[in-house]
Number of protein chains: 2
Amino acid sequence: MTDVNAASDRGNRLLRALLRMPVDMTPVWLMRQAGRYLPEYRALRAAAGSFLAMCQTPELACEVTLQPVRRFSVDAAILFSDILTIPDAMGLGLSFVEGEGPRFQRPIRDRHDVAGLRAPDPTVGLHYVLDTVSRVRRELAGLCPLIGFSGSPWTLATYMVEGQASEDFRRIKGLLFTDPATLATLLAVLVEAVTSYLNAQIEAGAQAVMIFDTWGGSLAAHHFLRYSRDPMAAIISNLNRRRDGARVPVVVFTKGGGCWLQALVETGCDAVGIDWTTSLAAARAATRGEVALQGNLDPMALYAPPERLKAEVQAVLADFGEGQGHIFNLGHGVRPDVDPDQVGLCIDAVHAASVRSHP
Amino acid sequence: MTDVNAASDRGNRLLRALLRMPVDMTPVWLMRQAGRYLPEYRALRAAAGSFLAMCQTPELACEVTLQPVRRFSVDAAILFSDILTIPDAMGLGLSFVEGEGPRFQRPIRDRHDVAGLRAPDPTVGLHYVLDTVSRVRRELAGLCPLIGFSGSPWTLATYMVEGQASEDFRRIKGLLFTDPATLATLLAVLVEAVTSYLNAQIEAGAQAVMIFDTWGGSLAAHHFLRYSRDPMAAIISNLNRRRDGARVPVVVFTKGGGCWLQALVETGCDAVGIDWTTSLAAARAATRGEVALQGNLDPMALYAPPERLKAEVQAVLADFGEGQGHIFNLGHGVRPDVDPDQVGLCIDAVHAASVRSHP
C-alpha cells in the first residue's frame, strides 16, 4: 500500500502539519485506529486474555500499536494504552468489566482519600508504557511518527471520583460544589503526574503528545476554564518540547469543547482536536490560525456507503480549506464494529483528495 | 410566597423578557419543573398508573403543570406533556419502560415505513394536549404565562428511527448517509406535523412555544444546518405568532448547539436556549443581541450546598450581565432526585439577585 517514497512522506507529514508547515497531502490518523474493529487485534486480545494485559505487556502493546500502521497508510502511530494508567499506578485498582468499561476498586471520595495520593514516578509504576514507546519507535524505524498521550487532569479526576464512566458526573461535580479545595488538590497531583508521564513518554521517544480531555465538555464554561483548561495549561508549560533537535508538538482535545477553542489555544498547545459538531472553518476563524486543527469526521460516517464516505471526507477537507495546519482525524474513536475496509477507504480518500490542495 | 403585586409581575415578566423588553427582575422557569422530584407529582403519578396516562388525561396533565407554579414563584408554567406525542399520534405505539425511557413498538426503518406516514391533525389525535392547554390557561387565570412545546423534527425523527433513546444515533445517521431522500421526506412530514401542532397549541392558549432540539447536537455542523436547523426554520416561518393582540414568542433549544447560535438565530426565533457549556456572555456576543437567551445553570448545581447554589445562580446572572433579554433556566431538566427546597431556593435567588439589575 506504500512505496518507499510514500513511506518517506509518512515520516514527516504529521509533525510538519502539527507545526503548520506545508505538506504534500493532508496527514491522517484515526483515534482508536488500533482496536477491536481489526481482526488481528481481536486475535491478539484473545491470546492475551484481557485488555489490561495487552496494555501492560510491551511486546503486545507494541504489536497492537503497529497493526494499523501496517494495514493502512496512516501518517502516525498512536501508543496503544489507556488513559487510566496513571490512577491505576496510584493504586486505585483499575479493571475493565466487559461491555461496561473501566472501573476502579478504590475510587476517591473525599479529602482523606485525596490526601493519600502521590503522583507516581513513571519510570517505576508506568515503566511498561515507556518500554512500549521505545519498542514502537525501534520497530517503526522512521516509517511514521509515534504519538504519546495522557488523559487530562479533569478527565482522570472524573474517573477517579466517579469510580467509572458517569452519565451525570454527580460525584465529581458534588466535590466541585462542596469541597473545591480538595478538588484543587486532586487536580494539582494530577498535573504533576501527567507532566512527568508525558515527559517520560517524550524521553522514551514519543514525537508528539496528545492530551485527551474526554470529560471537559461536561463542565459549565467558567468551571471548564478553571478545572480543565488551567490544569492542561500548567502541564503544557512544563513539558520538554524539544527532543533530538526536533520540536515535540502538543495536541489538546476537549470533546464538546467547540465553544472554548480560543481558551484551548491559551494552553500553549500546538494543535487542537475538533469534534464533528464544530465546523473546521469556524474553528480556524476562532483560533485565528494560531494552532493546527485535528479532525473532524463524524465516526458514524465510517458506516456510510463508500461513495458517501468519500464525499464526507471531501466535505471535511473542504471545510478546512486551503493552507497549512490540518490533520485529518475522526471527531471521536473508531467504533468496534466498523469494517476495516471502510477505514482504509477513508484514509486513502484523505490522501487522494488532498494531494492537490498542497501544491 | 407571592403577594398580589408579585403575582401580577409573574403575569408579564417572561413574555416581556422573551421579546427583550425591560422587566423588574429576571424571569425564571426550569425545564422539567413539573416532575418526579415533587412529592405531589409522585402522588398523582402513582394514582394515574403511568406517565402516559398522566400526559393523556387533561385533568391530570393540567394539575401537574400547575404544581410547580403553586409551590414556587416561577414566572411561567410549561405544558406537562412529552415530546413524543406526535409520533405516537402517527401510530408508532409509544410506551415508557421504567428506568429505560421511551420506546416505539413500530419504529420507522426505511422508505416504505416513511411512505406510510401522515402528519396527524392535532385537533383529532392530539386533542388531549389542546384540552390540557385550554384547561391550564383557565386555571392560571393570568397568574403567569403558559409555554407550549414540541420536539424538533430531527429529534422526533431520531426517536422514530432509532425506536428509543440512542447512544450513537446509528440508525438515523445510517438513513442520513444511505438514503437522504427518505430522511428528507420524513423531516418534511414532521415539519408539517410540528407546525400544525404548535399552531393548535397557540390557538388553544399557549402564550409562548419552545422547540426542543434534544438531539441536534449529535450532528456534524453541515448536517445540523440541513437536517435540524432548516426544518425548525420552516416551522417557525409558518407559526401564527400573534394571538389576542399579543406576540407569541418562539424559543429554540439545541442541546450542545453552542457553536451554532448564529445559525439558530436565522431560524427566525425570538429566543435561544443555552446549555451550561456555553457562556451567556459569549452567546450574547455570538447572537449580537438579536434574540433573548434562556439558560443556563448546570442542573447538577441543584445538589450544591445552598450558599454555593446561590453563588452559581449569581454567576449565571453576572455572565449575562446588564440589559434585556435574559430568562433564567437550567441548561437541562431538573433531575428526579433533586430536593424541591433547592429548586425553590434557586428560583428565589434568581429574583433576589436580579431585582436591582433591572431598575
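In chain A, seven strands make up an open sheet with parallel pairing, in the order β1-β4-β5-β8-β9-β10-β11. The edges are held by β1 (77-78) and β11 (326-330) of chain A, each with a single partner strand, so one side of each has no neighbour in the sheet. Strands pair here if DSSP finds at least two bridges between them. Helices (H or I, at least four residues) and strands (E, at least two) are DSSP runs, numbered from the N terminus.

This is a predicted model, in which local features need pLDDT of at least 70 and side-chain atom pairs count only at pLDDT 80 or more, while totals for chains, interfaces and linings use all residues. Residues are numbered from 1 along each chain as its sequence is written, and chains are lettered from A and ligands numbered from 1 in the order in which they are written.

Within the sheet, strand β9 (residues 271-273) of chain A runs parallel to strand β10 (residues 292-297) of chain A, and three bridges join the two. Gly273(A) stands opposite Gln294(A) of β10(A). Helix α15 (residues 280-287) of chain A lies across β9 and β10 of chain A, at about 160° to β10(A). Such angles run from 0 to 180 degrees between N-to-C directions, with axes fitted to C-alpha atoms, for helices over the stretch in contact.

In chain B, helix α3 (residues 39-48) packs with helix α5 (residues 58-71) at an angle of about 170°, the axes being 10 Å apart. Helix α3(B) is therefore roughly antiparallel to α5(B), a term for angles over 145 degrees. Glu40(B), Tyr41(B), Leu44(B) and Ala48(B) of α3(B) make the contact with Leu60(B), Glu63(B), Val64(B) and Gln67(B) of α5(B); residues are in contact if their C-beta atoms, placed from the backbone, lie within 7 Å.

Most residues other than glycine have a negative phi, and most peptide bonds are trans. The table lists the exceptions.

| Feature | Value |
|---|---|
| Cis peptide bond, Gly295(A) to Asn296(A) | omega about -5° |
| Cis peptide bond, Gly295(B) to Asn296(B) | omega near -5° |
| Positive phi, Asp244(A) | phi near 50° |
| Positive phi, Ala141(B) | phi near 50° |

Asn296(A) is part of strand β10 of chain A, and Asn296(B) belongs to strand β10 (residues 292-297) of chain B. Asp244(A) lies in the loop between β6 (242-243) and β7 (246-247) of chain A, and is exposed, with 7 other C-beta atoms within 10 Å. A residue counts as exposed if 12 or fewer other C-beta atoms, placed from the backbone, lie within 10 Å of its own. Ala141(B), in the loop between α9 (127-140) and β4 (146-151) of chain B, is exposed with 7 C-beta neighbours inside 10 Å.

Terms used
Contact = placed C-beta atoms within 7 Å. Parallel < 35°, antiparallel > 145°, perpendicular 65-115°, else oblique. Buried ≥ 20, exposed ≤ 12 C-beta atoms within 10 Å, placed from the backbone.
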